[in-house]
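Here's a quick briefing to read with the structure open beside you.

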Amino acid sequence: MGAKRRGATTPVLAGKKRGKRQALAELGDILRDTALRERAAEAWAHREQLRHEVAAVEPAPFRHGVIPGFLAGAAFAEELRDELLGLDFRGRCNDLLSLRQSEELGESSEPHVAALRHALCEEFRPWLSAVTQIELEPTIDISCAKYEYTDVLLCHDDELEGRRIAFILYLVPPWEKRDGGTLDLYSTDEHFQPQQIVKSLVPSWNTLVFFEVSPVSFHQVSEVLSEKKCRLSVSGWFHGPSTVRSARCIEAPLPRSPHISYNHEILYEWISLVYLGMDSQAQIQEEFEERSEILLKDFLKKEKYQLLCEALENKDIRWSSQGPANKRLYETAEEDSLPDILDKFLQFLRSEALFLLLSNFTGLKLHFLAPSDEDEDAGEGKATDTTRHSSPKPEQEEAEHYADSKPHQPDQPDNVSEAQDSKTQNAKTQGAIMSDGVSKIK
């Protein structure tokens with residue numbers, strides 16, 4: 001909430017810099033209709049609906065407005081689009097979004113961009129302040145985004161200190177709902193958490209959407225499904241006095257499944273053998289520690305992977321959605337409805353043997369039997385001998401080694417007794433894994 005916003009700037013004369021020709025952005029009739037502005041302000045204040053041919057104000061699921069024909073001149077809108085498409089865009093891709101975005105346009109001297117910025121600040125802002133009764137600052141954050149095939153922006157609320165009104169101006173070709181890229185608005189529960197999509201706005205040429213940024217303004221851009229169309233938009237925020245926000249809902253921790261006591265043989269049943277050798281694990285860990293991520297291709301045996309893909313298509317599996325959408329959005333299967341191969345795969349994923357292997361891949365202590373950095377520092381000579389010798393130690397000798405070392409066990413309130421009861425078996429599993437080359441690499 002305390003992050004400094006980027007690119008806030010006062011308006012500049014369109015086209016003044018670098019001797020570029022000036023452009024003038026004229027806004028639609030809505031700004032000159034005093035009676036309509038007053039009706040829009042009344043609807044906004046009373047959280048009522050207003051429908052008009054040049055504007056709409058909607059109260060649900062949170063207050064927002066839609067202005068078709070926002071720019072009065074068709075030629076200006078087309079020239080603005082062409083100018084924006086000539087900007088440099090950088091790809092952004094993470095677990096929240098996939099799109100291409102321009103640099104902040106608050107200082108851009110491109111004539112049509114500068115003209116739009118001037119019109120937003122000098123003409124649209126006073127109208128917006130009158131409608132929303134928010135004293136908006138004469139500065140904006142503004143940038144351009146391109147969404148193309150499979151691009152998406154997942155559920156979020158836009159909240160950042162000082163942001164009061166968000167806006168999006170669409171400069172898209174003829175667009176239909178089946179093309180994806182809709183602006184989806186979420187309802188919220190009593191804890192201000194998003195529940196479900198209750199409204200989807202289809203992008204439309206020269207249409208501006210604005211909404212109040214608040215604890216309930218959850219929205220997303222759905223995945224673009226058209227392989228040929230580009231969802232081009234200019235968007236940003238008007239800023240104003242910060243408001244008091246309610247405390248965020250603190251969720252209970254998600255349930256965690258205890259490890260299942262399977263020995264190393266389960267690894268050979270599922271995983272490609274190339275990943276079970278000492279040299280491969282050492283290389284994997286080195287790359288992971290350097291980059292904090294790694295892609296292991298063909299990790300599962302091909303025949304197992306094909307069986308899993310077929311089983312996942314089983315229509316008898318019962319699925320349920322998991323949320324809230326701003327934190328997670330996926331479906332889980334009820335385990336008692338799973339085919340046998342998927343049930344066995346879950347056991348593999350929860351097995352102690354796999355978590356010990358993952359500890360080797362990452363250098364992280366993902367299981368209480370995996371040696372920590374302190375353990376290795378204390379017995380560095382033994383660890384070196386383990387990686388150097390190809391002849392395996394007997395399982396009992398390895399079990400005694402790990403029993404003597406007494407690694408620290410983190411708090412596990414749900415399965416402490418189970419872990420203690422199976423300690424001997426776990427130690428034997430660890431010894432067997434090490435003797436087969438699945439040892440801790442450092």
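The largest cavity comes to about 50 Å³ in this predicted model. A search of the whole structure turns up two cavities of 30 Å³ or more.

**Cavity lining**
- Around the largest cavity you'll find Glu159, His191, Phe192, Gln193, Pro215, Ser246, Ala247, Arg248 and Cys249.
- Sorted by class, that lining has four nonpolar, three polar and two charged residues.

**Salt bridges**
- The count comes to 16 salt bridges.
- Arg51 pairs with Glu58, with their closest N and O atoms 2.5 Å apart.
- Arg51 is exposed at 55% relative accessible area, while Glu58 counts as buried at 7%.
- Lys199 joins Arg51 and Glu58 in a network of salt bridges.
- Arg32 and Asp29 also meet in a salt bridge, 3.0 Å from N to O, and both residues are exposed.
- Over in helix H5 (residues 278–291), Glu287 and Arg291 sit four residues apart, about one turn of the helix.
- Glu287 and Arg291 form a salt bridge too, with the closest N and O atoms 3.0 Å apart.
- Glu287 is partly exposed at 28% relative accessibility, and Arg291 is partly exposed at 49%.

**Helix H6**
- Lys304, Leu308 and Ala311 are buried in helix H6 (residues 302–312).
- These residues cover an arc of only 65° around the axis, so they lie on the same side of H6.
- Cover for the buried residues of H6 includes helix H4 (265–270) and helix H7 (340–349).
- On the face turned away from the buried side of H6, you'll see the exposed residues Lys302 and Glu310.

Note on methods: Residues are numbered from 1 along each chain as its sequence is written. This is a predicted model: local features need pLDDT of at least 70, side-chain atom pairs count only at pLDDT 80 or more; totals for chains, interfaces and linings use all residues. Side-chain values use heavy atoms; hydrogens and water are left out. Buried means under 20% relative accessible area, exposed over 50%, partly exposed in between (1.4 Å probe, protein chains only). Helices (H or I, at least four residues) and strands (E, at least two) are DSSP runs, numbered from the N terminus. The arc is that of the directions from the helix axis to the C-beta atoms. Contact means heavy atoms within 4.5 Å. On a 1 Å grid over the protein atoms alone, a cavity is a set of points where a 1.4 Å probe fits but cannot get out, and a pocket is an open set with protein on both sides within 12 Å along at least five of seven lines; lining residues have an atom within 4 Å of a point. Grid points are joined across faces, edges and corners, and a volume is the space filled by probe spheres set on the points. Ala, Val, Leu, Ile, Met, Phe, Trp, Tyr, Cys and Pro count as nonpolar, Asp, Glu, Lys and Arg as charged, and the others, Gly among them, as polar. A salt bridge is a side-chain nitrogen of Lys or Arg within 4 Å of a carboxyl oxygen of Asp or Glu.
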